[in-house]
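Morning, everyone. Have a look at it first.

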Amino acid sequence: MSEPILECRDLAKHYVEGGRDVPVLKQVNLRVEAGERLAIVGASGSGKSTLLNVLGGLDTPTQGEVLIKGQRFSQLNDNQRGRVRNRSLGFVYQFHHLLPEFSAFENVAMPLRIGGWPEAKRTARVKLLLERVGVDHRSDHKPSALSGGERQRVAIARALATQPDCVLLDEPTGNLDKHNAANIHALINELATEFHTSFVVVTHDEHMARALDRVCVLEDGMLSTLS
Ligand SMILES: Nc1ncnc2c1ncn2[C@@H]1O[C@H](COP(=O)(O)OP(=O)(O)O)[C@@H](O)[C@H]1O
Ligand SMILES: [Mg+2]
């Protein structure tokens, strides 16, 4: 079997609140294969965002390991972890998290600047992505001058900028109306195929979940495969 892109083993995450230990993730095991499109569903408060943050190296687990292309996050220092996240992972959130002072173009270019891409290559890449997600005509607009759907398109372009192996999306359409959500879902499906990138999508939308390769449910701190 080929090496998974992203993997976690016996992952646990507890929060301490008011002196009390609150287990949110108890024992989570997951393998995400190259190009696989995975949905994670679960009740509000079941720990989906916590899981995505730990998988993305934004938060550390209480127990267990996260491996990205066989590399353990816990064995990397902060610099190395930052580099791996820049190169191998992309993130999309419910609220776009774009930088308000920067244009759509500059927002998508940011991970490439951080990754040290030369300007000509960077410009070509940003143009291609903005065109592909259908917001090239809004290139110079700041996030405040974009619609909700356009902002998420820019956020998706940014997440794909460095040609990551895996994009993690936390309720990417949770803030959109039905029509816009459906368009974004279709776009995510197309992009996953075109870019051969793995997608891990936390969603409440059953229609979206069913359209992906596999659906996992997070319940009682454990993740199981539904289909
Ligand atoms: N930083 C934190 N400190 C303490 N508790 C937290 C923290 N983040 C999340 N939680 C708790 O962990 C549980 C899971 O939260 P979350 O991962 O956001 O769930 P979901 O994304 O599935 O709605 C909730 O009960 C939440 O209150
Ligand atoms: Mg959440």
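**The cavity**

Let's start inside. H1, S6 and strand S7 (166–170) each give at least two residues to the lining of the largest cavity. Helices here are DSSP runs of H or I with at least four residues, strands are runs of E with at least two, and both are numbered from the N terminus.

Ground rules next. This is a predicted model, so to speak of local features we need pLDDT of at least 70, and side-chain atom pairs count only at pLDDT 80 or more, while totals for chains, interfaces and linings use all residues. Residues are numbered from 1 along each chain as its sequence is written, chains are lettered from A and ligands numbered from 1 in the order in which they are written, and side-chain values use heavy atoms, with hydrogens and water left out.

Back to the cavity. The structure holds one cavity of 30 Å³ or more. The largest cavity has a volume of about 50 Å³. Its lining is Leu52, Asn53, Leu58, Phe91, Val92, Tyr93, Leu168 and Asp170. By class, that is six nonpolar, one polar and one charged.

How are these defined? We use a 1 Å grid over the protein atoms alone; a cavity is a set of points where a 1.4 Å probe fits but cannot get out, a pocket is an open set with protein on both sides within 12 Å along at least five of seven lines, and lining residues have an atom within 4 Å of a point. Grid points join across faces, edges and corners, and a volume is the space filled by probe spheres set on the points. For classes, Ala, Val, Leu, Ile, Met, Phe, Trp, Tyr, Cys and Pro are nonpolar, Asp, Glu, Lys and Arg are charged, and the others, Gly among them, are polar.

Now the open spaces. The largest pocket holds about 400 Å³. It has 16 lining residues, and Arg85, Asn86, Phe91, Pro111 and Arg158 are the closest to its centre. Helix H2 (78–88), strand S6 (89–92), helix H3 (104–114) and helix H5 (148–160) each give two or more residues to that lining. Its classes are nine nonpolar, five polar and two charged. Phe91 also lines the largest cavity.

The second largest pocket comes to about 160 Å³. Its lining includes Val41, Gly42, Thr203 and His204. Helix H7 (residues 206–211) gives the largest share, three residues.

**The ligand**

Which residues surround ligand 1? They are Tyr15, Glu17, Val24, Ala43, Ser44, Gly45, Ser46, Gly47, Lys48, Ser49 and Thr50. Being near means a heavy atom within 4 Å. H1 gives the most to this shell, three residues. The shell has three nonpolar, six polar and two charged residues.

For glycine 47, a backbone N or O atom lies at 3.0 Å. For lysine 48, a side-chain N or O atom is at 2.8 Å. For serine 49, a polar side-chain atom is at 2.9 Å. Alone, ligand 1 exposes 560 Å², and the protein buries 60% of that. Those areas are Shrake-Rupley, with a 1.4 Å probe.

**The whole fold**

Last, the overall picture. There are seven helices and 10 strands. The radius of gyration is 17 Å, close to the 17 Å that the globule rule gives for 227 residues, so the protein is as compact as a globular protein of that length. That radius is over C-alpha atoms, and the rule is 2.2 Å times the number of residues to the power 0.38.

Notes: A polar contact is a pair of N or O atoms within 3.5 Å; within protein, one must be able to donate a hydrogen and the other to accept it, and residues adjacent in sequence count only if both atoms are side-chain atoms.
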